[in-house]
Amino acid sequence: MVILSSLANEFKLLDYSCSHRRLLIRSMRNKIRNYNIDIQFGGVKNLFIPATLKGVEISLYSPGPEEFNGFRIREMEFTYEHGYKIFSIRDIGGNEYLINAFGFGVYRCPLDILETSLGRYDSTDPTDYSDEEIFWYP
């Protein structure tokens, strides 16, 4: 089941916080829309993803054969334990990549290219985050 489909947009891996295990993938604003589309993953354990994606389609990875692009899932240390999920990311060319995380959210974000929406991890000030949440998938 596809959770998010945005195949018409290019996305870039824009920011990653190792200490707080948060990942930001962004489709930059363009002539058609005056906002960025931010996909934020929380609780990232492992990832296998390129820096740029032409379109994204996100679904839960369906474990079948344990092979994935020549790697074994076990050897990559992807897990379902403790609430982790394995998300499958497909681009417009049908290439599949994986992110092992607790969940992800999609946001409409007005920030500039050099600004990150990951913000301060410990902040409760709503002005620290100028994003409009579209949805969160736990």
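The following questions and answers concern a predicted model of a protein.

Biologist: How many helices and how many strands does the protein have?
Modeller: Read along the sequence, the pattern is β-β-β-β-β-β-β-β-β-β-β. The totals are 0 helices and 11 strands.

Biologist: Which strands pair with E2, and in what sense?
Modeller: Strand E1 (residues 2–17) is joined to E2 by 5 bridges, with leucine 13 opposite isoleucine 25. E2 also pairs with strand E3 (residues 36–42) over 6 bridges, where leucine 23 has phenylalanine 41 as its bridge partner.

Biologist: Which residue in the turn between E1 and E2 has a positive phi?
Modeller: E1 and E2 form a hairpin, with 4 residues between them. The phi in question is about 55°, and the residue is arginine 21.

Biologist: How many residues of strand E2 are buried?
Modeller: In a regular strand, side chains alternate between the two faces of the sheet. From E2, Arg22, Leu24 and Arg26 point one way, while Leu23, Ile25 and Ser27 point the other way, and all are buried. For E2 (residues 22–27) the count is 6 of 6.

Technical notes:
Residues numbered from 1 in each chain as written. Predicted model: local features only at pLDDT ≥ 70, side-chain atom pairs only at ≥ 80, totals over all residues. Heavy atoms only, no water. Helix = DSSP H or I, 4+ residues; strand = E, 2+ residues; numbered from the N terminus. Buried < 20%, exposed > 50% of the residue type's maximum accessible area, 1.4 Å probe, protein only. Pairing = 2+ DSSP bridges.
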